[in-house]
Amino acid sequence: MTGRASVREALRAATRETHQRLHRHAGLSAAARGAIGLDDYRQLLMRLYGFHLAFEDAHASAMQKLGLLTNSRAELIALDLAALGIMRFDVCRLPRCAALREPSSEACALGALYVVEGSSLGGALIATALAPIVGDARRFFLGGPSGREVWPSLLARVETLAPGVQQARAIDAAVETFRIFEEWMFDWRAAPSCLDRLAVSSGSEN
């Protein structure tokens, strides 16, 4: 193993167990298999929105300083939800993940970004599986045009972290980000009030 690959490999090893558990997450795995119903897909997107909006808010300053600005995944989810009949007004009222905090250092920001940017790499395969079910409402999984451009730049920055404290902070931040995401996604079927209103509205029209 070369020195330049060591930080990435350390991050991958530290987060492997959580990553593998998330592959078995009921909603994410159903989406990946193209076996998710529309109601569950809405629930999944709404929960993902609450995480990604909070993450983007917390990391906006760090991403700007690092020069690693990418498409807003929260905005892509909002567009998908709109295509599925959920109004922007209701999307804006969805619960947000309160556990995410602004990173305390560049190393922490890079570790957290490694998790979020890396998680999007398999999105194209999920988007393909979803096409027959949700049509165009899969922008989040397709990703924006800048997503794949950011990943190599992020990896290059990760490999500049000095051994010792900097690398340890990046690894701790990656593990913590994955932990927060896993806990946030656990209760993904908890229906927000906007779905209740949609159900009432749909019922009143019949």
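Which side chains meet in a salt bridge at 3.1 Å, N to O? The pair is Arg-12 and Glu-9, where a salt bridge is a side-chain nitrogen of Lys or Arg within 4 Å of a carboxyl oxygen of Asp or Glu. The model is predicted, so local features need pLDDT of at least 70 and side-chain atom pairs count only at pLDDT 80 or more, while totals for chains, interfaces and linings use all residues. Residues are numbered from 1 along each chain as its sequence is written, and side-chain values use heavy atoms, with hydrogens and water left out.

Arg-12 and Glu-9 sit three residues apart in helix α1 (residues 3–23), so about one helical turn separates them; helices are DSSP runs of H or I with at least four residues, numbered from the N terminus. Arg-12 is partly exposed at 32% relative accessibility, and Glu-9 is partly exposed at 27% (buried means under 20% relative accessible area, exposed over 50%, partly exposed in between, with a 1.4 Å probe and protein chains only).

Helix α3 (residues 38–66) holds Asp-39 and Arg-42, three residues apart, about one turn of the helix. Their closest N and O atoms are 2.8 Å apart in a salt bridge. Here Asp-39 is exposed at 55%, whereas Arg-42 is buried at 16%.

In helix α10 (residues 165–186), Glu-183 and Arg-179 are four residues apart, again about one helical turn. The salt bridge between them has its closest N and O atoms 2.9 Å apart. Glu-183 is exposed at 52%, and Arg-179 is partly exposed at 33%.

Beyond these pairs, Glu-17, Arg-21 and Glu-182 are linked in a network of salt bridges. The whole structure contains 12 salt bridges.

Conventions: Helices (H or I, at least four residues) and strands (E, at least two) are DSSP runs, numbered from the N terminus.
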